[in-house]
Amino acid sequence: MIRAGIIGLGKMGISHAAIVSPHPSVELVAVCDTSTIVLDAFKKFSKVNVYNDYIKMIDSENLDFVVVSTPTKLHYKMVRYALEKGIHTFCEKPFSLTTLEGEDLVKLADEKNLINQVGYHNHFIGTFRELKRLLKAGVLGDLVHFTGEAYGPVVIKEKGGTWRSDPVEGGGCLFDYSSHVINLIQQIIGLPVKASGSQLKRIYSKEVEDAVYSILTLETGLTGILSVNWSDETYRKMSTSLTILGKKGKIICDATEIKIYLKEADTKENLGKGWTIKYITDFEIPVNFYLRGEEYSAQIDNFVDCIIKKKQTEINSFREALYTDKVIELIIADSKS
Amino acid sequence: MDKVLFGDNQFFAVNHLSDEKSRAQAIQFKDDAAIIRVLDQAREIGINTFMCTTHDRIASVCDYMRANPEKYKDFKIFPCMPYAHKYANAITDLGILGAVKQYIPGNIFSTFTKGGVAFLRKDFIGLMELFIDAEMKMFKGVETPVIFIQNVLVDMILGLKMYEVFKEYDSYIRKKYNAEPGYITMNLPALLDTLNSIGIENPVICSSINKIGFRMSGGKDIYEKYLTERTFRPIAMQVLAAGALRPKEAIEYLGKFPKIESVLFGASSKSHIEETKKLIEQYM
């Protein structure tokens, strides 16, 4: 059995623990957090060992992998310590607060030849995979424009308080919601190399941005719009979508459906002229255990599979996540210019 | 349990297939009166059980039911708790203790006489009971013969292997509410094995059951095996696989498993409700 530990038991950490633990090839042996109430609950009801210090956990548990799901500013030292000890590491997104830190971690993981993955879970949603495949197959012809969007109700009234409201800790909408969209754009459409007209808008938060608007130029020269707002309560939960316009048609894709419009039929892809709508039910990635969405289990399955097969992940490596951090830096720099 | 259970996803803009449809539903059911109108349509064609989450707006539906006792005298509600978004948002906003303070009625420090918060930290089961009572408050005077825990929580407890929580939940629901505890899950086989292992026999379990294996974790084959061979009281949900199946083929498939006691479905129009109900009666 592969021995696993979780560092950080917030919403994502608890969810990771609940997904890692039933995995048939994995034994969840330890968890770590600083909250006594959460640790007490694990002590009382589960059989895992609990720690309030990640160094102690890593030093005593002989782990094969850790999941790091702490606030972003803590990622660097925790991931670094795990890698130094030769432990495969799954890190929550966004990867690092500064690309200097991120580069150091990518280098270290490579040197030590350790499996590394970041939690950009949208790549484990079947519709986004299908979108990537269709673009690769060229169904839209030459691309003209794209829009990457995410909206949801995270901060819908004036408040301060948690780490999510602290810009020094990576708490704003840019690091949180936007990183997902940037990562999707970079992996599905192309690598952004320039940001212009960037605006980081505060709506209800005092210290951090609640919305991010930017024009991104990709290395192919294609330009498109990033539009993200986590203070939009017209959405029940986070809703992420990509719209891509090409000379041959258009595709609108989100986590539940993919809508394809073609000016002429594509016989190779069996897509007719006009609109074709396909649903997640056609592209769902099967999992053995489901919690909150198959993508959360599928990404852990992928990570564990890579550990077993001793091969690097093709999806969501540290290196890819580092690129997202670089685009975040481009947007921050542009918003200040 | 009735064969046909009417669900509430459509009232709260939950649509697993289309964000656009979910927005349309949010508009249609903006007012509580619209919810009650559709519930009444369901009732008029003989559906007498409403299975719903403990959403704030259900409290208004319950108020209306209490105010019209004659009209709803045979009507039952199967509550499903908790309404997870409410607590997730409160925890993000106020922290765990802040959320507890907000949702437990009365003063938490007087509720726990033995030293307030310090005691609360150790008495998780007592805390769970307080939360259940807080969630059940809106159903006072309404018949609730089966009380469910939502899948997010069931599957989290299952994944974390904190099985004792199921045991405590089960006995508290029976003792305090004289009701049957129910479990909603996306992991039917694993849950049934677990409940049996801690001595919970013949449980009411609501899970996705559909012809294409949508949201049936572990695969359709093992679900079918459990539906044929094991002892439990299954409720089928997501039977249309979020709309990927036509109602007739969907219900016909369920007919292969006589053990399925009930089918949970939601719809926004009388004709859809009627059509699905007829199919259930025909094939099951």
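Domain bounds, as used below, come from an automatic or database domain assignment. In this predicted model, that assignment divides chain A into domain 1, made of residues 2-121 + 291-315, and domain 2, made of residues 122-288 + 323-336. Taken over C-alpha atoms, the centres of domain 1 and domain 2 of chain A are separated by 26 Å.

Where the two domains of chain A meet, 20 residues of domain 1 are in contact with 20 residues of domain 2. On the domain 1 side of this contact, helix 5 (99-111) and helix 8 (294-309) of chain A each provide at least two residues. The largest share of that side, 6 residues, is supplied by helix 8 of chain A. Sorted by class, the side of domain 1 of chain A that touches domain 2 holds 8 nonpolar, 7 polar and 5 charged residues.

A helix pair in chain A may be considered next. Helix 6 (residues 126-136) and helix 7 (residues 174-189) of chain A have axes that come within 9 Å and cross at roughly 35 degrees. Helix 6 of chain A contributes A:Phe128, A:Leu131, A:Lys132 and A:Leu135 to the contact, while helix 7 of chain A contributes A:Leu184, A:Ile188 and A:Ile189. These contact residues comprise 6 nonpolar, no polar and 1 charged.

Helix 10 (residues 188-197) and helix 11 (residues 220-229) of chain B pack with their axes 9 Å apart, at an angle of about 40 degrees. Because of this angle, helix 10 of chain B is oblique to helix 11 of chain B. In this pair, B:Leu188, B:Pro189 and B:Leu192 of helix 10 of chain B meet B:Ile222, B:Tyr223 and B:Tyr226 of helix 11 of chain B. The contact between helix 10 and helix 11 of chain B consists of 6 nonpolar, no polar and no charged residues.

It remains to consider how the chains meet. Here, 32 residues of chain A are in contact with 34 residues of chain B. Helix 1 (11-20) and helix 2 (36-45) of chain A each give at least two residues to the chain A side of this contact. Helix 2 of chain A gives the most to that side, with 6 residues. Overall, the side of chain A that touches chain B is made up of 14 nonpolar, 8 polar and 10 charged residues.

How values were computed. Residues are numbered from 1 along each chain as its sequence is written. Chains are lettered from A and ligands numbered from 1 in the order in which they are written. This is a predicted model: local features need pLDDT of at least 70, side-chain atom pairs count only at pLDDT 80 or more; totals for chains, interfaces and linings use all residues. Axes are lines fitted to C-alpha atoms, for helices over the stretch in contact, and angles run from 0 to 180 degrees between N-to-C directions. Helices (H or I, at least four residues) and strands (E, at least two) are DSSP runs, numbered from the N terminus. Two residues are in contact if their C-beta atoms, placed from the backbone, lie within 7 Å. Ala, Val, Leu, Ile, Met, Phe, Trp, Tyr, Cys and Pro count as nonpolar, Asp, Glu, Lys and Arg as charged, and the others, Gly among them, as polar. Angles under 35 degrees count as roughly parallel, over 145 as roughly antiparallel, 65 to 115 as roughly perpendicular and the rest as oblique.
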